[in-house]
Amino acid sequence: MTNTATPVELKVETPFQRFRAEFFESKIATAALGIFCIIVLLAVLAPWITPQNPYDLAQVDVLDGRLPPGSEAFPGYIMWLGSDGAGRDLYSAILYGLRISLTVGLASGVIALLIGMVIGLVAAYAGGRVEALIMRIVDLQLSFPASLVALMLVAALGKGVDKIILALVVAQWAYYARTVRATALVERNKEYVEAAQCLGISRFRIVFRHILPNCMAPLIVVGTVQTASAISLEATLSFLGVGLPQTEPSLGVLIANGFEYMLSGRYWISVFPGLALLLTVVSINLVGDHLRDVLNPRLKK
Amino acid sequence: MTVFIIRRLLQALLVVVLMSVIVFFGVNIVGDPVYMLVSPDADQDDIAAAIARLGLDRPIWEQYLLFLKGALQGDLGNSFIFGEPALQLIMHHMPATMELAFTALMLAIVIGIPLGLYAGLYSESPLSKGIMAGSILGFSLPTFWVGLMLIMLFAVELGWVPATGRGDTATFLGIQSSLFTPDGLSHIFLPALNLALLKISLAIRLTRAGVREALGQDYVKYARAKGLTTRRIIFVHVMKNIMIPVVTVMGLEFGSLIGFSVVTETIFAWPGMGKLLIDAILQLDRPVVVAYLMIIVLFFIVINLIVDILYSLLDPRVRLQDQGA
Amino acid sequence: MKKMRAATAVAAGLLALSAGAVSAEKLTIGLASEPTAMDPHFHNLGPNNALTLHIFDRLVDQDERQRLMPGLAVSWEAVDDLTWEFKLREGVKFHDGSDFTADDVVCTIERAPNVPNSPSSFGTYLKGKTVEKIDDYTVHFKTAEPYPLMANDISTIRIISDETGCGATTEEFNSGTAAIGTGPFKFVSYTPGESIVVERNADYWGEAPVWSEVEFRPISSGPSRVAALLAGDVDMIAAVPTTDIATLEGKDEVQLSQGVSNRVIYLHMDQFRENSPFVKAMDGGDIKNPLMDVRVRKAISMAINRDAIVERVMEGVALPAGQLLPEGFFGVSDNLDVVAYDPEGAKALLAEAGYAEGFQMTIHGPNDRYINDARIAEAVAQMLTRVGIKTAVETMPRSVYFGRASRGADGDLPEFSFILVGWGAGSGEASSPLKSLIHTFDSDKGFGSSNRGRHSDPETDALIEEALRTVDDAKRQDLLAAATERAIDNAAIIPTHFQVNTWAAKAGLKYVARTDEYTLATGVVKE
């Protein structure tokens with residue numbers, strides 16, 4: 001063990017203050033949060049800080065296609081990151097793509113987490129027939145690898161951001177449910193729960209105030225992994241030809257389109273969106289990692 | 001234990017039937033296979049004949065009943081495209097996928113758990129930070145992209161291993177696999193690594209998280225107080241506790257490996273059932289899609305069962321029972 | 001039709017270069033699409049048809065430009081209006097040593113349309129034809145109406161053996177027990193998804209193949225296929241992605257072969273619905289379908305910069321198209337030029353038709369069927385948007401696309417308003433696209449089955465039907481050209497470009513590019 005025994009100063013502070021102080025203790029996590037905020041800001045401000053609206057076909061010209069970074073586009077601006085095969089300025093396309101990727105990743109991650117968490121807790125606490133039923137449904141869901149579920153759903157539903165989010169939620173909720181249930185199952189049998197029951201604390205309160213916080217560590221691990229994989233999965237679906245529409249590319253679609261150019265030396269079409277994706281996912285993960293450390297009562301020094 | 005297993009199997013049967021309904025109807029609302037199959041030269045009569053020959057002119061519930069009737073006799077229908085029984089086709093492709101997924105899982109465990117253990121025990125060391133940074137890269141990059149990069153580096157630039165396909169096979173202990181020949185191993189290395197990357201990262205993170213958590217717990221403190229060696233504490237007590245989530249997740253991940261093999265097999269032209277599935281989906285070979293999904297469902301039910309049993313062996317506090325069910 | 005004389009080995013000689021010494025050499029080819037069976041009558045599909053040509057021969061062969069050549073038949077002629085006589089090659093042996101005779105032809109013609117579970121039957125080409133054995137080396141094909149395309153249709157059928165093949169199931173072909181033909185290669189093994197291996201037939205009646213053994217491996221991902229060639233896994237690959245052609249050209253260890261294909265990429269427009277589902281006024285309200293106005297269709301054609309599509313999207317690997325088949329094919333018109341890019345003229349024509357304000361529509365296309373299909377759709381949308389037709393793009397996998405494009409709307413009608421599609425003329429002449437794409441949709445006559453815009457012009461129909469009754473080649477050529485001219489003048493469809501296919505082989509090998517897109521080991525020659 002590396003932690004040395006520093007006597008803890010007793011100070012009156014609210015839980016949130018304590019959380020905040022602990023979170024910003026880590027420089028890496030703070031930097032990651034900063035980067036993530038900048039990424040979000042760039043995505044939100046995209047229409048005002050890019051020279052081209054990549055979704056407006058009147059502004060995109062195939063004659064500007066495949067230009068290397070630093071080339072001048074026909075309308076006169078410089079394409080600092082080059083252009084893709086259809087003539088989209090990659091800088092503009094990446095910022096617009098970020099909006100879609102972030103929406104897809106975060107929305108599906110949060111919705112799936114909430115659904116999965118509630119279902120998992122209910123299963124773990126209720127036990128009996130309810131648990132058996134829920135876990136069979138979870139098994140049913142997990143019978144299909146997320147990539148397959150999403151693949152089938154998107155193939156059936158058609159293209160569109162809302163459909164991708166729906167597909168990813170359906171594909172992922174069971175992971176959360178199973179994780180929560182597995183942890184809660186262990187927690188359920190611990191003394192403090194029995195003690196709480198003896199004290200006559202309501203089931204609801206036991207589950208949400210006492211068991212849930214103890215489930216947070218694995219949930220956040222799974223959550224960060226799943227949010228990252230949601231963004232990545234969307235790219236994979238695009239690669240397989242059932243992702244988001246070509247003309248309104250997410251980062252995933254940009255990478256998938258650029259994939260065809262990888263051997264041809266036009267690295268920028270795939271590499272720059274790839275870097276943007278990497279930066280986004282890594283910053284989410286670093287924040288998530290640290291959050292887990294901060295939130296987990298058992299890791300407290 | 002036996003009662004538990006029997007009950008689980010009965011539940012599984014229900015799941016399979018339910019799943020067959022969902023899958024069959026789900027698959028049958030997508031697209032129109034006839035136009036994927038007939039030659040462009042076909043006229044309207046030929047198209048109508050093809051529809052009838054494939055049984056697509058019947059109402060969907062009738063098609064389902066026919067499917068169910070066949071399924072009870074072990075016949076999941078014939079592939080539209082290959083004309084062979086879908087089940088047989090999948091069984092042909094299964095060994096290649098299984099050996100790929102198995103190799104990837106082994107890589108994930110062999111590489112991921114020790115790295116995770118190290119990163120958990122010495123979380124402040126630069127090497128640990130490097131491991132964690134690497135693990136984040138591992139699941140941040142899309143599989144297909146990394147796959148092509150691996151091919152470019154190891155096969156095209158360095159020329160160490162072949163870029164695509166499956167190598168020679170040999171039979172050992174009654175199992176025919178390409179894992180038993182040098183040629184086979186050289187072929188499987190890249191796709192298995194590609195498939196494993198995500199899981200290596202996951203194993204690292206899970207193990208590290210588990211170790212860090214365990215180190216703060218009372219039993220470790222007691223063990224220390226009792227004077228047990230660090231080695232013994234880590235490898236007996238800590239490992240035993242952290243194996244639960246790792247076993248759970250890795251067990252579940254075996255399925256996701258098979259799911260993700262769709263992408264890896266496409267990139268590496270690996271003749272497995274993932275490739276078969278994506279081709280079947282893209283060409284609307286419905287019987288193959290349905291049969292594949294049914295097999296996967298069965299497969300997962302078995303895996304879940306095994307994971308639950310392992311659970312009980314690793315953690316006596318989790319009892320094998322479904323109260324009241 | 002003029003009588004075709006036997007010129008032994010002309011067909012083979014064109015394909016296989018004179019390989020004096022027969023050597024023990026293995027060739028490995030990476031294919032883009034996997035053949036689905038060894039049964040030559042199971043699935044009428046390009047990859048299958050190409051593969052089975054190694055093991056089986058056809059009565060009438062097609063050379064690399066799809067010109068008809070003697071195969072197992074040494075000559076054919078129409079002995080009267082309704083009867084075609086085929087003289088068979090003597091002394092040809094199947095791989096199992098049995099003789100090839102008229103009995104094999106008769107049983108093949110009986111089996112080909114009737115293979116159980118066949119998803120795409122060869123019955124299409126044998127409809128209305130009966131076969132009769134005259135003697136061991138003569139057969140007659142009879143039809144109820146005069147039929148000029150007999151030899152073209154017969155060239156699609158691979159001949160199997162009376163003894164081993166005709167009673168066999170598709171499984172028996174796949175396992176090899178029935179895969180016994182007269183072709184240049186013998187079946188060795190078939191592992192679905194993995195490989196197909198054939199070996200040289202030393203007793204081949206034509207030029208013996210250069211390669212002692214050939215392995216075909218399906219590698220569907222384009223970049224992976226290129227990587228497999230560069231890594232030395234395979235000696236040659238088919239369907240090189242256009243994006244990699246420039247890079248490969250710069251490499252000494254790779255040799256490219258290119259050739260125009262019989263496939264035209266074109267736009268089809270809804271010409272039968274007053275209110276077309278994907279065409280709207282600029283304000284989003286309903287309008288009378290502008291695509292029914294020939295001026296609008298012509299304006300669309302003028303608004304498309306075909307050179308830009310070829311140069312930018314296809315990276316120079318395509319030919320701008322002004323009609324249904326590239327020049328050199330039977331039935332093409334000499335009077336048709338590629339429509340010039342003229343955005344101002346297009347705007348003027350739209351204004352003349354009453355659409356000065358423009359309108360909006362959606363172009364639908366597949367994203368996994370033709371070379372760069374989704375990007376072409378997007379480029380077309382950009383170009384139309386510039387002349388005032390605000391065009392959205394929706395692309396989808398072909399599995400979803402073709403069903404919807406053909407009969408996705410109520411009443412089994414085509415669902416879309418404006419689509420990107422392609423057509424490969426399997427017969428190698430102009431009647432193929434004319435009768436399927438241009439002729440009025442007519443289930444009874446079997447015409448217009450792929451006429452997804454439901455264009456209908458009685459005069460064009462009459463020309464096509466007359467051509468299909470005319471046995472005289474010169475007259476038929478003129479009729480087909482006239483029908484093509486009229487269709488293009490009416491902008492029944494708007495051709496954009498002809499696909500050019502590219503094969504890549506390691507240095508020292510060259511492939512004789514084929515218009516039918518087949519990848520044949522007999523076409524791989526050493527330099």
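The contact between chain A and chain C takes 21 residues from chain A and 27 residues from chain C. Two residues are in contact if their C-beta atoms, placed from the backbone, lie within 7 Å. By class, the side of chain A that touches chain C has 12 nonpolar, 7 polar and 2 charged residues. Here Ala, Val, Leu, Ile, Met, Phe, Trp, Tyr, Cys and Pro count as nonpolar, Asp, Glu, Lys and Arg as charged, and the others, Gly among them, as polar. The model is predicted: local features need pLDDT of at least 70, side-chain atom pairs count only at pLDDT 80 or more, and totals for chains, interfaces and linings use all residues. Residues are numbered from 1 along each chain as its sequence is written, while chains are lettered from A and ligands numbered from 1 in the order in which they are written.

Chain C also touches chain B. This contact takes 43 residues from chain C and 48 residues from chain B. Six elements of chain C each supply at least two residues of the side that touches chain B: helix H4 (123-126), helix H6 (170-175), strand S10 (213-218), helix H7 (222-230), helix H13 (398-407) and helix H14 (431-438). Helices (H or I, at least four residues) and strands (E, at least two) are DSSP runs, numbered from the N terminus. The largest share of this side of chain C, 6 residues, comes from H13(C). By class, the side of chain C that touches chain B has 15 nonpolar, 22 polar and 6 charged residues.

Chain A has 10 helices and 2 strands. Along the sequence, its elements follow the pattern α-α-β-β-α-α-α-α-α-α-α-α. The C-alpha trace of chain A spans about 75 × 50 × 30 Å along its principal axes. Of the 301 residues of chain A, 56% count as buried. A residue is buried if 20 or more other C-beta atoms lie within 10 Å of its own, exposed if 12 or fewer, and partly exposed in between, with C-beta atoms placed from the backbone. Among contacts in chain A with a separation of 6 or more, 67% are between residues 24 or more positions apart.

Two packed helices are described by the angle between their axes and the distance between the axes. In chain A, the axes of helix H2 (residues 27-49) and helix H3 (residues 90-126) come within 8 Å and cross at roughly 110°. Axes are lines fitted to C-alpha atoms, for helices over the stretch in contact, and angles run from 0 to 180 degrees between N-to-C directions. H2(A) and H3(A) are therefore roughly perpendicular to each other. Angles under 35 degrees count as roughly parallel, over 145 as roughly antiparallel, 65 to 115 as roughly perpendicular and the rest as oblique. H2(A) passes H3(A) in a left-handed crossing. A crossing is left-handed if the near helix is turned anticlockwise from the far one by less than a right angle, and right-handed if clockwise. H2(A) contributes Ile39(A), Val40(A), Leu42(A), Ala43(A) and Ala46(A) to the contact, and H3(A) contributes Leu95(A), Tyr96(A), Leu98(A), Arg99(A) and Leu102(A). These residues divide into 9 nonpolar, no polar and 1 charged.

Chain B comes to 12 helices and 2 strands. From the N terminus on, the elements of chain B run α-α-α-α-α-α-α-β-β-α-α-α-α-α. Its C-alpha trace spans about 85 × 60 × 40 Å along the principal axes. Of the 325 residues of chain B, 51% count as buried. Among contacts in chain B between residues at least 6 apart in sequence, 70% join residues at least 24 apart.

Asp32(B) is buried, with 20 other C-beta atoms within 10 Å. The C-alpha atoms of Asp32(B) and Ile51(B) are separated by 10.0 Å, with the two residues 19 apart along the chain. The axes of H1(B) and helix H4 (residues 60-72) of chain B come within 11 Å and cross at roughly 135°. That makes H1(B) oblique to H4(B). Their crossing is right-handed. Ser20(B), Phe24(B), Phe25(B) and Asn28(B) of H1(B) meet Ile60(B), Tyr64(B), Phe67(B) and Ala71(B) of H4(B). By class, this contact has 6 nonpolar, 2 polar and no charged residues.

In chain C, the buried residues of helix H11 (residues 343-352) are Ala346(C), Lys347(C), Leu349(C) and Leu350(C). Seen down the axis of H11(C), they fall within an arc of 165°, so they line one face of the helix. The arc is that of the directions from the helix axis to the C-beta atoms. Helix H9 (294-303) of chain C is included in what covers these buried residues. Just after H11(C), Gly354(C) takes a positive phi of about 95°.
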